[in-house]
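Please open the model in your viewer and keep the selection tool at hand. We will go from stop to stop, and at each one I will tell you what to select and what is there.

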Amino acid sequence: MDDLELFNRLARLARPAHTAYVPIADLSTPFPETGLDSMDGLMISIFYADIYGVPDAVSKEFTFTTPAELLVLIHQHKTTEPASIDEAMGRVQW
């Protein structure tokens with residue numbers, strides 16, 4: 001699965017409807033440079049926890065500065081793996 005594409009789709013979902021999101025080209029982009037604020041980052045981490053079955057108690061302890069760092073944490077603690085981006089997006093509790 002393309003982690004960058006999934007991140008950009010989740011970021012569009014996390015952004016308020018009245019604001020635009022410019023997709024990032026690299027998962028090592030620091031969050032302040034993504035155009036996302038701290039609430040967007042929190043929502044994205046919650047979405048990833050839903051997608052990969054990471055328990056809330058575990059995901060609440062995550063600290064990260066880039067999407068790549070978040071994905072490392074998610075993959076270390078995942079209990080499930082979606083087969084596709086569409087399946088992953090279907091797991092998001094929105």
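**Before you start**

This is a predicted model, in which local features need pLDDT of at least 70 and side-chain atom pairs count only at pLDDT 80 or more, while totals for chains, interfaces and linings use all residues. Residues are numbered from 1 along each chain as its sequence is written, and side-chain values use heavy atoms, with hydrogens and water left out.

**Stop 1: helix 1 against helix 2**

Select residues 3-14 for helix 1 and residues 38-52 for helix 2. Helices here are DSSP runs (H or I, at least four residues), numbered from the N terminus. The two pack at an angle of about 125°, and their axes are 9 Å apart. Axes are lines fitted to C-alpha atoms over the stretch in contact, and angles run from 0 to 180 degrees between N-to-C directions. That angle makes helix 1 oblique to helix 2; angles under 35 degrees count as roughly parallel, over 145 as roughly antiparallel, 65 to 115 as roughly perpendicular and the rest as oblique.

Helix 1 passes helix 2 in a right-handed crossing, meaning that the near helix is turned clockwise from the far one by less than a right angle.

Now show side chains. On helix 1, pick Asp3, Leu6, Phe7, Leu10, Ala11, Leu13 and Ala14; on helix 2, pick Asp40, Met43, Ile44, Phe47, Tyr48, Ile51 and Tyr52. These residues make the contact, which means heavy atoms within 4.5 Å. Colour them by class and you get 12 nonpolar, no polar and two charged residues. In this scheme Ala, Val, Leu, Ile, Met, Phe, Trp, Tyr, Cys and Pro count as nonpolar, Asp, Glu, Lys and Arg as charged, and the others, Gly among them, as polar.

**Stop 2: helix 2 against helix 4**

Helix 2 passes helix 4 in a right-handed crossing.

Which residues of the two helices meet? Select Ile44, Ser45, Tyr48, Ala49 and Tyr52 in helix 2, then Leu70, Leu71, Ile74 and His75 in helix 4. By class, this contact has seven nonpolar, two polar and no charged residues.

**Stop 3**

Zoom in on alanine 49 in helix 2. Is alanine 49 buried or exposed? Its relative accessible area is 4%, so alanine 49 is buried; buried means under 20%, exposed over 50% and partly exposed in between, with a 1.4 Å probe and protein chains only. Leaving aside neighbours within four places in sequence, alanine 49 is in contact with Val54, Ser59 and Ile74.

Next, click on serine 59, which is found in helix 3 (residues 56-59). Serine 59 counts as buried at 15% relative accessibility. Beyond neighbours within four places in sequence, serine 59 is in contact with Ala49 and Val54.

**Stop 4: lysine 78**

Move to the loop between helix 4 and helix 5, where lysine 78 lies. Draw a distance from its C-alpha to that of valine 54: they are separated by 5.1 Å, although 24 residues apart along the chain. With neighbours within four places in sequence set aside, lysine 78 is in contact with Tyr52 and Val54.

**Stop 5: the salt bridges**

Side chains of opposite charge can pair when their charged atoms come close. With a salt bridge taken as a side-chain nitrogen of Lys or Arg within 4 Å of a carboxyl oxygen of Asp or Glu, the count comes to four.

- Aspartate 86 and arginine 9: the closest N and O atoms are 3.4 Å apart. Aspartate 86 lies in helix 5 (residues 85-90) and arginine 9 in helix 1, so the pair ties together parts that are 77 residues apart in sequence. Aspartate 86 is exposed at 56%, while arginine 9 is partly exposed at 28%.
- Aspartate 40 and arginine 15: the closest N and O atoms are 2.6 Å apart. The pair links helix 2 with the loop between helix 1 and helix 2, 25 residues apart. Both aspartate 40 and arginine 15 are buried.
- Glutamate 81 and lysine 78: the closest N and O atoms are 2.3 Å apart. Glutamate 81 is partly exposed at 41%, and lysine 78 is partly exposed at 33%.
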